[in-house]
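I set out to record what I looked up in this model, entry by entry.

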Amino acid sequence: MKTAFAIDFLLERTPEVFMLELLLAGHEDAEIYCLAHSQGSILGPIERHRIIASPLSRFVDKKEMIQAKAWLLPSAARQLKIDPSVEQLIIISSGWAHTFVTGPQVKRTTWLYDWQQPFTQLKGLKRIFAPYHRQVKWQALQQEKQLSFSSQTLASTLGFEPTKIIPAAFKTEEFPFITDESHPGQYPHHLVLLDDAPVPLVKSFIHIARQRNVTLKFLGEDTAYGEEKAWNDPNVEFIGDHCEATTAALTHGARAVWALGSVAFPSQALGAQCCGRPVVVMNDAINREFLGEEGVWYLKQESDLAETLTEVEKNYKRFDRKALRRQGLKWNERLFKSQMKEFAGVGKSLKASPLLS
């Protein structure tokens, strides 16, 4: 059976791209279909596959360029032609890949990771197309015969219940654990992860932390914090974008990791748990679905920052580091790959570890 894969975009490394890489193992000759692809933007095995992109690729080669052309998404999806020889299409959709049209002979397996990414939302006068976009996406989703979701929260939000849930995964090996014998036992800073975090919320946190002489380290895109960087405050350090290895190294010395973004899957907070550190996240359904209660502070609103910081400063050492790691390891690559392959009916399903059952 000729198997192909579909994904919304191949413009940068994203959680969806990581999941696609996991599923491509054993399908070295498989084609990949997407709305837009930037050649050479994604290092690794994906670029060794034949990638077929829609005409949207003529207009965008970066994620930041999509919003200006978002009104073209339905027509771009219609113009993407799936090769007639494809017998099975495995779809990783973040709102649009499931709208790709195939013939009746194609076995479709769709995994919905996300529904509405911020950079695909229409702005300005083009918002008049929003109802049409929702209709196109919704009608296509209802026609899927083999459909699963990345979270119960997403499925329930869209009104699909009960249904098949296959949780996402992240690269757990990038977040190692340091035993008590090897760990220095010192936690001199709080680590704030800036990706997807609301800028006003982070700025408020900085103000509160400086009043208490608390040391903060920041990882991620930080162009919005020019004023704060200009202070040259030794207790407020912006480190910029770095790989998971740097994130893990800073996590081991963190009193807590603050991951304040709203995401489809809380991989950053789970990575912190794998390192045995507690986390502070927003009080939303996705975080509560995956992170549990132990070693997690759920921030309801900006006014709770001061009280939460007080709690973290008081209790950051009281958690069982190994228990936190077990919670993070639940959402590992092996389990995702096994469940997806079984759901799609490809390859031989791996037996899950009892720890992950």
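**Entry 1: His133.** The model is predicted. I located His133 in helix H3, which spans residues 130–142. Is His133 buried or exposed? I found a relative accessible area of 5% for His133, which counts as buried because that is under the 20% limit. Setting aside neighbours within four places in sequence, I listed its contacts as Ala70, Trp71, Pro74, Trp96 and Leu122. I also checked Asp83: 50 residues separate it from His133 in sequence, and the two C-alpha atoms are 25 Å apart.

**Entry 2: strands S14 and S15.** I noted that S14 (residues 279–282) and S15 (residues 296–299) run parallel and are joined by four bridges. One of the pairings I looked up is Val279 with Val296 in S15. The chain passes from S14 to S15 through helix H9 (residues 285–291), and I recorded this β-α-β crossover as right-handed. Within S15, Val296 and Tyr298 point one way, Trp297 and Leu299 point the other way, and all are buried. In a regular strand, side chains alternate between the two faces of the sheet.

**Entry 3: helix H12.** H12 covers residues 333–344, and I noted a reach of 16 Å from first to last C-alpha, close to the 16 Å expected. At its N-terminal end I found Asn332 as the cap, with a side-chain oxygen 2.9 Å from the backbone nitrogen of Arg334. After H12 comes Gly345, with a positive phi near 75 degrees. Among the buried residues of H12 I listed Leu335, Phe336, Met340 and Phe343. What covers the buried residues of H12 includes helix H1 and strands S6, S7, S8 and S9.

Methods
Residues numbered from 1 in each chain as written. Predicted model: local features only at pLDDT ≥ 70, side-chain atom pairs only at ≥ 80, totals over all residues. Heavy atoms only, no water. Helix = DSSP H or I, 4+ residues; strand = E, 2+ residues; numbered from the N terminus. Expected span 1.5 Å × (residues − 1). Buried < 20%, exposed > 50% of the residue type's maximum accessible area, 1.4 Å probe, protein only. Contact = heavy atoms within 4.5 Å. Polar contact = N/O pair within 3.5 Å; in protein donor to acceptor, adjacent residues only side chain to side chain. Pairing = 2+ DSSP bridges. Right-handed = clockwise from strand over helix to strand, strands pointing away.
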